[in-house]
Amino acid sequence: DGNIYGYDELGQAYRFNPVTGECVALGIATGVQVLDMAYDYSTGMMYAMSYDAATNATIIYNANMYTGALVESGKAYDAFIALACDTDGQLYAINSGGILFSLKKVKGNPGGGGIAPLATQNDNNQYYYDQTELLELPVYGMVYAQSMCYDHNNDVILCFTPETSQIYWVK
């Protein structure tokens, strides 16, 4: 729709029109600090993510672009810092170690392997994100990435890291 969406550190959602300069406050996602967002053009879904240090889980949300409301979609058990989505709806994330992963939404409870079961009221509606390591970026001790995105014209993932002031791309 040509707008830019984001959340501030207090969870206030905004829609910014870069042509007119209009900035509209949409609503507040109380208690959530959104780290990054990615739009899935195949479904029209905006994703947002936050991190829960107590469980070492990245929480992925479906973000409502009209109200700013966040609905938990699932959890991935790593400290992810940036999120992107390709034209087929495949989500990608980079963790704090600079490793790029693909994320796949899976119904069920991961359990085992040192991962605590997810607590939900209804196990039939329980999801998590299974992660597959794809590539380690040549960055040691990556603390955060400004963001990452999927370039639909060139079929590459782009990631900028301030530690080295470099842009990385993955085909």
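**Figure 1. Asp36 in strand β4.** Asp36 is placed in strand β4, which spans residues 36–40; strands are DSSP runs of E of at least two residues, and helices are runs of H or I of at least four, numbered from the N terminus. This is a predicted model, in which local features need pLDDT of at least 70, side-chain atom pairs count only at pLDDT 80 or more, and totals for chains, interfaces and linings use all residues. Residues are numbered from 1 along each chain as its sequence is written, and side-chain values use heavy atoms, with hydrogens and water left out. Asp36 is buried but has no salt bridge, and Arg15, the nearest side chain of opposite charge, is 18 Å away. Buried means under 20% relative accessible area, exposed over 50%, and partly exposed in between (1.4 Å probe, protein chains only). A salt bridge requires a side-chain nitrogen of Lys or Arg within 4 Å of a carboxyl oxygen of Asp or Glu. For charge, Lys and Arg count as positive and Asp and Glu as negative, while His and the chain ends are not counted. A polar atom of the Asp36 side chain lies 2.8 Å from the backbone nitrogen of Leu83.

**Figure 2. Asp78 in the loop between β7 and β8.** Asp78 lies in the loop that runs between β7 (70–76) and β8. Asp78 is buried and has no salt bridge; Lys75, the nearest side chain of opposite charge, is 15 Å away. The side chains of Asp78 and Asn95 are joined by a polar contact of 3.1 Å. A polar contact is a pair of N or O atoms within 3.5 Å; within protein, one must be able to donate a hydrogen and the other to accept it, and residues adjacent in sequence count only if both atoms are side-chain atoms.

**Figure 3. The aromatic pairs.** Two aromatic pairs are found in a search of the whole structure. The ring centres of Tyr39 and Tyr41 are 4.8 Å apart and the planes stand at 85°, so this pair is edge-to-face. Rings of Phe, Tyr and Trp (its six-membered ring) pair if their centres lie within 6.5 Å; planes under 30 degrees apart count as stacked, over 60 as edge-to-face and the rest as tilted. Tyr39 is partly exposed at 26% relative accessibility, whereas Tyr41 is exposed at 57%. For Phe80 and Phe101, the ring centres are 5.4 Å apart and the planes at 80°, so this pair is also edge-to-face. The pair links distant parts of the chain, with Phe80 in strand β8 (residues 80–85) and Phe101 in strand β10, 21 residues apart. Phe80 is buried, with a relative accessible area of 1%, and Phe101 is buried at 7%.

**Figure 4. Gly89 in the loop between β8 and β9.** Gly89 belongs to the loop between β8 and β9 (91–95). Gly89 has a relative accessible area of 23% and is therefore partly exposed. Gly89 and Tyr41 are 48 residues apart along the chain, and their C-alpha atoms are separated by 7.1 Å. Neighbours within four places in sequence aside, Gly89 is in contact with Asp40 and Ser42; contact means heavy atoms within 4.5 Å.

**Figure 5. Lys104 in strand β10.** Lys104 is located in strand β10 (residues 99–107). Its relative accessible area is 55%, so Lys104 is exposed. From C-alpha to C-alpha, Lys104 is 9.4 Å from Ala76, and the two are 28 residues apart in sequence.
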